[in-house]
Amino acid sequence: MKSLSVLILLFLFTSPAFSQTSGKIIRGVVKDSQNETVPGASISLLRSTDSTLAVGEITNGNGKFELNNLPNNTYFLRVTSVGNNTYESIKLTIDDLHPIIELPVVILTPSKTMLKEVVVVAKRPVVEQEIDKTIVNVDAMIGSAGSNTLEVLEKTPGVTVDINGDISLNGKSGVLVLIDGRPTYMSGQDLASYLKSLPGGSLDKIELMTNPPAKYDAAGTSIINIRLKRNRIQGFTGDVSTSYNQGVKGRSNNAVSLNFNHKKINLFGGLGYNKDANYSDDRYNRTFFNENSSVHSSVRLENKSSYTSHGFTGRIGMDYAVSPKSTYGFVLNIQNQPRQERLDYSSLNFNSSSVLDSVGNGKTLGDFNWRNVGANVNFQHKFNTAGRELTADINYLNYHTDGNQNLTQYMRTADGRISNRNDFFYDLPSDISIYSAKADYTHPFKDKAALEAGFKTSLVNTDNNSQYFEVVNNAYLPDYGKSNHFIYRENINAVYINSRKEWRRIAAQLGFRLENTIANGHQLGNTEVKETSFDKNYTRLFPSAFVRYKLDTVGSNTLTISIARRINRPNYQSLNPFLFYRDNYSYTAGNPLLKPQYHLQYELKYQYKNSFGIAFQFNQFTDVIFQTTQAIDNIFITSPNNVARGRIIALAANLTQPLTKWWTLNANATFSNMQLNGMAYSEKLNPGINQARMNLINQLKFNKGWNGEITGFFVTKDLNGQRITNPRYRINTAVQKKILNDKGSVRLIVEDIFHSWIQNDRTVSLKQAEAFHTNVTDTRRIGMAFTYRFGKETFARKRRHTDNGADSEKGRVD
């Protein structure tokens with residue numbers, strides 16, 4: 001690590017040899033008036049004497065171009081791109097005194113002319129590769145309009161969502177999820193519910209970062225940044241999408257986004273409505289053993305659960321350009337999601353001779369109302385046109401849940417007589433308030449060098465007051481021994497510095513982020529529960545480094561090496577020791593003794609244009625946070641714990657290849673070896689597994705505005721803590737027809753055609769017990785979707801604010 005840092009510093013500041021070039025060169029980058037790069041723009045270098053063409057080129061995927069081996073002469077540059085005005089430069093003189101011309105950024109302005117005779121056949125690719133991230137363009141996935149955001153993530157190359165809503169990227173759990181650069185501050189089932197309330201039609205693209213730079217929070221093993229649609233064109237514009245799909249349950253996803261930009265003011269916003277419903281059938285077979293390994297007893301459990309929810313989302317914001325250099329803005333988000341749940345469970349209990357001993361059954365009825373309010377105020381000041389700027393954000397978020405559960409359970413003898421009945425009531429209010437502020441400063445230097453620095457502070461207050469009542473003759477009697485009031489406060493302060501430099505063939509980036517965490521957890525006591533508390537205070541340094549080398553002069557072939565250290569802090573609710581009841585034989589609990597998990601990743605990546613890439617990754621984990629299970633009598637209690645260490649060695653490959661004029665294949669595959677080494681209570685936990693994951697997206701283009709899509713996902717055995725999951729696969733298909741002058745589309749979507757997305761798993765490293773589990777949900781369904789864009793487009797917006805200071809705390813609400 002130390003030697004690599006020294007090497008990069010030498011690259012950044014002491015290596016003049018890399019600035020040596022052969023031949024005479026003109027190079028630059030093309031962007032639109034929104035400061036977005038323009039790939040595929042035509043570059044023409046014309047001789048100034050007679051305007052004849054000397055050489056031509058097109059910009060690459062990052063909007064860059066380079067004209068090589070030029071003879072001495074005087075030229076001018078012409079840049080054209082569909083939908084933009086033609087750009088022509090001043091005279092450019094190449095001679096022995098000026099062998100290299102580094103042009104300032106070429107800015108294209110949108111054309112006001114309607115191009116009725118031009119038919120644009122190109123479209124955004126599904127997957128794009130950049131030096132520090134992979135970009136998935138959601139609109140290019142036909143099935144996205146009929147799905148919610150969580151379902152879109154499930155179809156995203158490299159992303160996996162398990163039955164608990166936990167998201168992993170390339171086999172690594174603990175992912176930090178951002179929305180427009182702002183974290184969700186949630187995880188697990190709460191994050192899953194949040195993402196289900198966002199219609200897929202409101203998404204623009206998804207950014208996947210396995211080794212994020214120092215500018216981003218150090219939290220999470222990797223980052224998934226979900227970008228919402230926000231029109232970049234001024235005037236009054238908008239998008240609308242609506243869909244309905246039917247499996248056993250019916251669902252609907254609807255969204256509209258609006259944008260109005262006039263002179264100095266830009267207003268934008270959106271509304272969304274989501275109806276979600278699902279069922280889950282879970283079957284458990286558990287066997288318990290004596291110390292001599294003979295069978296003591298066994299249980300067969302069947303849980304049938306279902307839920308319905310209605311999600312409402314609203315978003316409004318404004319940018320106000322007080323001057324050509326300074327812009328103020330705000331964004332306000334509101335979400336409300338009522339949810340009703342029902343769980344029916346039954347159990348068959350057998351003695352050591354496999355004779356039925358007793359029968360249990362019961363039900364849980366849940367009624368929840370989840371509300372989220374978020375506000376952001378932001379500022380941007382550009383000191384010059386070269387990229388020197390200051391940005392700042394202040395954020396407030398509040399998550400509030402009012403919920404309750406009614407539980408009834410019976411135990412019967414083998415002949416059917418009721419031997420016991422219990423009725424319970426849970427009152428489960430929860431409130432989480434988050435405040436954060438950050439500022440970032442960027443200072444470019446000559447010769448493609450830049451320095452970034454910034455700070456961030458965040459304050460989190462959580463209050464969970466779980467009250468437990470026993471119901472006797474319709475009277476609610478408090479059970480203080482099972483009630484819990486947990487308050488958690490956390491303050492994180494961070495500073496970072498990041499430097500980068502580009503030469504002709506080499507680009508390097510080195511960053512350091514320093515974070516201090518101060519936390520306090522307080523479980524309030526009552527007449528039966530003793531008051532407890534804990535305090536944590538720690539400071540850690542998180543370095544990151546990237547070096548990219550162009551194997552050819554135009555950068556078609558690149559080699560990148562990167563290294564980064566990251567942290568995965570426990571979810572807020574994971575620290576709460578409260579014991580939560582699911583059924584007669586299953587409980588969950590938090591762990592106030594949890595320590596943060598640390599992760600160090602090395603990556604070596606080769607990339608050919610945007611067509612093919614292959615990466616070798618080596619990941620080391622310490623104090624790994626996993627959900628572990630122990631069997632106490634015949635009850636399984638699951639809680640998060642730290643496992644000593646783990647590692648993942650992975651080989652990841654991506655391919656985008658037109659196979660015919662009408663068929664393009666996008667493939668993503670990961671081959672990995674995962675290994676844990678630690679203890680699960682008194683049992684050794686050292687499972688290892690070889691795993692393969694593959695995503696396939698087949699894009700089919702037909703005549704007269706028809707398009708098709710066939711996607712598939714396959715995964716071999718998977719390892720998550722003590723749980724090993726069997727191989728499984730799913731296949732989806734969709735067809736689309738463009739209508740209304742190509743501004744609208746109608747889509748038919750079929751998900752999980754063969755209903756093959758069924759999870760079978762077993763739990764290992766259990767003391768004197770073994771367990772097998774099967775889960776079936778409503779994954780096979782058929783749906784219709786309609787999308788339409790409208791409005792009069794005139795000229796481009798002056799600014800698009802995307803990121804703010806909420807970078808990691810959202811990802812830890814559970």
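## The six-stranded open sheet

In this predicted model, strands E10, E11, E16, E17, E14 and E15 form, in that order, an open sheet with mixed pairing; strands here are DSSP runs of E with at least two residues, helices are runs of H or I with at least four, and both are numbered from the N terminus. Two strands count as paired if DSSP finds at least two bridges between them. The edges of the sheet are E10 (127-129) and E15 (182-183), each of which pairs on one side only. E10 is joined to E11 (residues 134-137) by three bridges in the antiparallel sense, and Val 127 stands opposite Val 136 in E11.

Residues are numbered from 1 along each chain as its sequence is written, and side-chain values use heavy atoms, with hydrogens and water left out. Because the model is predicted, local features need pLDDT of at least 70 and side-chain atom pairs count only at pLDDT 80 or more, whereas totals for chains, interfaces and linings use all residues.

## Strand E20 and its partners

Strand E20 (residues 265-289) runs antiparallel to E19 (residues 250-262), to which eleven bridges join it, and the bridge partner of Leu 258 is Gly 269 in E20. E19 and E20 form a hairpin with two residues between them, and Lys 263 in the turn has a positive phi of about 55 degrees.

E20 also pairs with E21 (residues 295-321) over 25 bridges, again in the antiparallel sense, with Gly 314 in E21 as the bridge partner of Leu 271. The hairpin of E20 and E21 has five residues between the strands, and in this hairpin Ser 293 takes a positive phi near 75 degrees. A further antiparallel pairing, of nine bridges, joins E20 to E47 (residues 769-777), where Ala 771 is the bridge partner of Arg 286.

## Nonpolar cores

The largest nonpolar core has 41 residues, of which Leu 153, Ile 167, Leu 195, Ile 206, Ile 224 and Ile 226 touch the most other members. Such a core is a set of buried Ala, Val, Leu, Ile, Met, Phe, Trp, Tyr and Cys residues joined through side-chain atoms within 4.5 Å; buried means under 20% relative accessible area, exposed over 50% and partly exposed in between, with a 1.4 Å probe and protein chains only. Helix H3 (residues 188-196) gives the largest share of this core, four residues. Apart from it lies another core, of 18 residues, which includes Leu 70, Val 79, Ile 94 and Ile 101.

## Salt bridges

The structure holds 24 salt bridges, each defined by a side-chain nitrogen of Lys or Arg within 4 Å of a carboxyl oxygen of Asp or Glu. In the pair of Lys 24 and Asp 96, the closest N and O atoms are 3.3 Å apart. Lys 24 lies in the loop between H1 and E1 (25-32) and Asp 96 in the loop between E7 (92-94) and E8 (100-102), so the pair ties together parts that are 72 residues apart in sequence. Lys 24 counts as buried at 18% relative accessibility, whereas Asp 96 is exposed at 60%.

Glu 452 and Arg 500 form another salt bridge, with the closest N and O atoms 3.1 Å apart. This pair links distant parts of the chain, Glu 452 in E27 (residues 449-472) and Arg 500 in E29 (residues 484-502), 48 residues apart. Glu 452 is buried, with a relative accessible area of 11%, and Arg 500 is partly exposed, with 32%. Glu 515 and Arg 513, both buried, form a salt bridge with closest N and O atoms 2.8 Å apart; these two residues also belong to a network of salt bridges with Asp 217, Lys 456 and Arg 569.

## Aromatic pairs

A search of the whole structure finds 17 aromatic pairs, meaning rings of Phe, Tyr and Trp (its six-membered ring) whose centres lie within 6.5 Å, with planes under 30 degrees apart counted as stacked, over 60 as edge-to-face and the rest as tilted. The rings of Phe 288 and Phe 636 have centres 5.9 Å apart and planes at 90 degrees, so the pair is edge-to-face. Phe 288 lies in E20 and Phe 636 in E37 (residues 635-658), so the pair ties together parts that are 348 residues apart in sequence. Both Phe 288 and Phe 636 are buried.

## Confidence

The mean pLDDT of the chain is 84, and 90% of its residues reach 70 or more; pLDDT is the predictor's confidence in each residue, from 0 to 100. Confidence is lowest in helix H1 (residues 2-13), at a mean of 41, and highest in E47, at 95.
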